[in-house]
Amino acid sequence: MTNDEMVLESLAVTIELCGGSSWSKAAVAAVCVQLRAYPVTAVLAALHRCQLEVSGRLSLASIIDRIDDGRPTADEAWAQVGTNDESRTIVSTDEAMASTREIGSLLTDDPVAARMAFKDAYKRIVTENKARGISASWFASLGHDPGGRAAPIMQAVERGRLSDEVARNLLGHHYPAKALPGAQAVDQLGQKRVRA
């Protein structure tokens, strides 16, 4: 079975389970074309989530909203950028920063309202970008505390959010040395030589 056939079959089942209203062949074809922009495993997982979560008529937006493409959730994004702590290094997306700009002075005036407004703005921006096929763009903002920079940046490298080259440029001489074969491997090599 091809990827397109798997998506088409799963889409048909999902449409039936979400209210049972039928779609025209043109609508099904248009949705399938839109979904080709995403990895097939992510699309199938999103369709499965729709089967479990969507109680009314299925829409393309419902499917795209559930595609996990590595973007942080609204709560994760808020945890990354929802602070006035200038000493902290953050790694987040342009979408999170755009959402922060939208809430303006609420961040300092009313943190609870700021969080709610941020989440609404973030979900809207992410949904619009996903519908346009725009991928998340990750960046790092260095905090004033040099000692707190390496951990979040290297964690972002491990998760594939920042390249190793970007991390090296950001951290300069504070870039952690990659582990060489390691003391254990060197020790094992020495033991083999002694035995020989």
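F118 and Y122 lie four residues apart in helix 8, so about one helical turn separates them. Helices here are DSSP runs of H or I with at least four residues, numbered from the N terminus. The model is predicted: local features need pLDDT of at least 70, side-chain atom pairs count only at pLDDT 80 or more, and totals for chains, interfaces and linings use all residues. Residues are numbered from 1 along each chain as its sequence is written, and side-chain values use heavy atoms, with hydrogens and water left out.

Two aromatic pairs occur in the structure. Rings of Phe, Tyr and Trp (its six-membered ring) pair if their centres lie within 6.5 Å; planes under 30 degrees apart are stacked, over 60 edge-to-face, and the rest tilted. W78 and F118 have ring centres 5.2 Å apart and planes at 55°, so this pair is tilted. The pair links distant parts of the chain, with W78 in helix 5 and F118 in helix 8 (residues 111-131), 40 residues apart. For F118 and Y122, the centres are 5.8 Å apart and the planes at 10°, so the pair is stacked. W78, F118 and Y122 form one aromatic cluster.

Relative accessibility is 0% for F118. Y122 is buried at 2%.

R71 sits in the loop between helix 4 (60-65) and helix 5 (74-81). R71 is also buried, at 9% relative accessibility. Its side chain reaches the backbone oxygen of I134 at 2.5 Å. Not counting residues up to four places away in sequence, R71 touches (heavy atoms within 4.5 Å) several residues, including E76, E95, Y122 and I134.

Methods:
Helices (H or I, at least four residues) and strands (E, at least two) are DSSP runs, numbered from the N terminus. Buried means under 20% relative accessible area, exposed over 50%, partly exposed in between (1.4 Å probe, protein chains only). A polar contact is a pair of N or O atoms within 3.5 Å; within protein, one must be able to donate a hydrogen and the other to accept it, and residues adjacent in sequence count only if both atoms are side-chain atoms.
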